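Take a look at the structure below. Keep it open while you read.

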Amino acid sequence: MQALIDRHGRSFPYLRLSLTEACNYRCAYCLPDGYQADGRPRFLALGEIERLVRGFAALGMSKIRLTGGEPSLRKDLLSIIETVSAVPGIGKIALTTNGCLLPRHVRAWREAGLTALNVSLDSLDAGRFHVITGHDRFAEVTAGIELALGLGFASVKINAVLLRGHNDDELPAWFEYLRGRDVSVRFIELMRTGDNREYFERHHLRAEIIEQRLQDAGWQLQARAPDAGPAREYAHPAYRGRIGIIAPYSKDFCAGCNRLRVTARGDLRLCLFGDFGISLRPLLQSDADHHALVARIATQLGMKAAGHGLHQGLTGITPHLASIGG
Ligand code: SAM
């Protein structure tokens, strides 16, 4: 089996696959005016997704994260989970979701083969949650997380984007939340994208400020597992849950990169903030193209850059994260 390793020595056991660009939220930092369909070709169909995952699995990829946009808006999400989990070599299937459909569907997703869940929850205050996301769905999301915690997932994680002036005073509330729950909260430093420049300047909060507060409160940085990816993880003996810090502006962030992305229309994106995508879709139309697909992925990986240009304000071709799969 070939291995997915780039010329900087990083390995990629992990693919983020976007299932749709559509989202029902209006997060102030991502899609403040809501998703606008642009009439371009439709998103990858189930058969194309299966061929794509087979191609990556042939190169040693063992974990797929389904994301978007909001992946739970796909009517065929259950079939996608079943199909992907049946591909030989794929051991882990994770879903990143805004969580509002969890109460209705999470049990079925789990039974279909989903192994891990990441749910976005930017605030533990229902009113603030509404202001940030544009939707009053706090009750569904938090109830969905409680339900998921009883379903035997390998991991349940919560994503919260750090926003100065909106949620940067909530650490004590998060500590209480984590006291008895086996979840990991990932605090994500706000990233500047093509569309959010002004918002970024007003609300960006450096992750290291939060890390300092964690350390002051007795949280301890954990040793990094070899395949752990770019999050720095903290634990505290008095709390069951953990806290991860995702700091895209920190100096070692790209050195820990272990992910590749494919957009909802089948473009391979080597970096969230890269300047180009490589269309894989023409090679997803027939099983006969399997070997050509595997070769194209392997060749393109050789072109992955050592790091992004965010420090120089270079956001690449990404207008917002919903367009590529956050
Ligand atoms: N709709 C799903 C969700 O809400 O999790 C999946 C897609 S969403 C783009 C994935 C994650 O990216 C969410 O946690 C979201 O808050 C985060 N995100 C979006 N734009 C971001 C930005 N500019 N900086 C940091 N995180 C961002």
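## The model

This is a predicted model. Keep that in mind for each value that follows.

## Around the ligand

Methionine 191 uses its backbone, where a polar atom lies 2.8 Å from a nitrogen atom of the ligand. Glycine 69 also brings a backbone N or O atom, 2.9 Å from a nitrogen atom of the ligand.

## Helices α2 and α3

Now turn to the helices. Helix α2 spans residues 77-85, and helix α3 spans residues 102-112. Their axes come within 8 Å and cross at roughly 20°. Angles under 35 degrees count as roughly parallel, so α2 is roughly parallel to α3. The crossing of α2 and α3 is right-handed.

Which residues of α2 and α3 meet? From α2 come Leu77, Leu78, Ile81, Glu82 and Ser85. From α3 come Ala108, Trp109 and Ala112. Sorted by class, this contact of α2 with α3 holds six nonpolar residues, one polar and one charged.

## Helices α3 and α5

Helix α3 has another partner here: helix α5, residues 138-149. The two pack at an angle of about 25°, and their axes are 9 Å apart. That angle makes α3 roughly parallel to α5. Their crossing is right-handed.

On the α3 side, the meeting residues are Leu102, Pro103, Val106 and Arg107. On the α5 side, they are Glu140, Val141, Gly144, Ile145, Leu147 and Ala148. The contact of α3 with α5 counts seven nonpolar residues, one polar and two charged.

## Helices α1 and α9

The last pair joins helix α1, residues 46-58, with helix α9, residues 290-301. Their axes lie 9 Å apart, and the packing angle is about 60°. Is α1 oblique or roughly parallel to α9? The angle makes α1 oblique to α9. The crossing of α1 and α9 is right-handed.

Arg51, Leu52, Arg54, Gly55, Phe56 and Ala58 make the contact from α1. His290, Leu293, Val294 and Ile297 make it from α9. By class, the contact of α1 with α9 has six nonpolar, two polar and two charged residues.

## Looking back

Find each pair in the structure again. The α2 and α3 axes cross at roughly 20°. The angle for α3 and α5 is about 25°. For α1 and α9 it is about 60°.

Conventions: Residues numbered from 1 in each chain as written. Predicted model: local features only at pLDDT ≥ 70, side-chain atom pairs only at ≥ 80, totals over all residues. Heavy atoms only, no water. Axes fitted to C-alpha atoms, helices over the stretch in contact; angles between N-to-C directions. Helix = DSSP H or I, 4+ residues; strand = E, 2+ residues; numbered from the N terminus. Parallel < 35°, antiparallel > 145°, perpendicular 65-115°, else oblique. Left-handed = near helix turned anticlockwise from the far one by under 90°. Contact = heavy atoms within 4.5 Å. Nonpolar A, V, L, I, M, F, W, Y, C, P; charged D, E, K, R; others polar. Polar contact = N/O pair within 3.5 Å; in protein donor to acceptor, adjacent residues only side chain to side chain.
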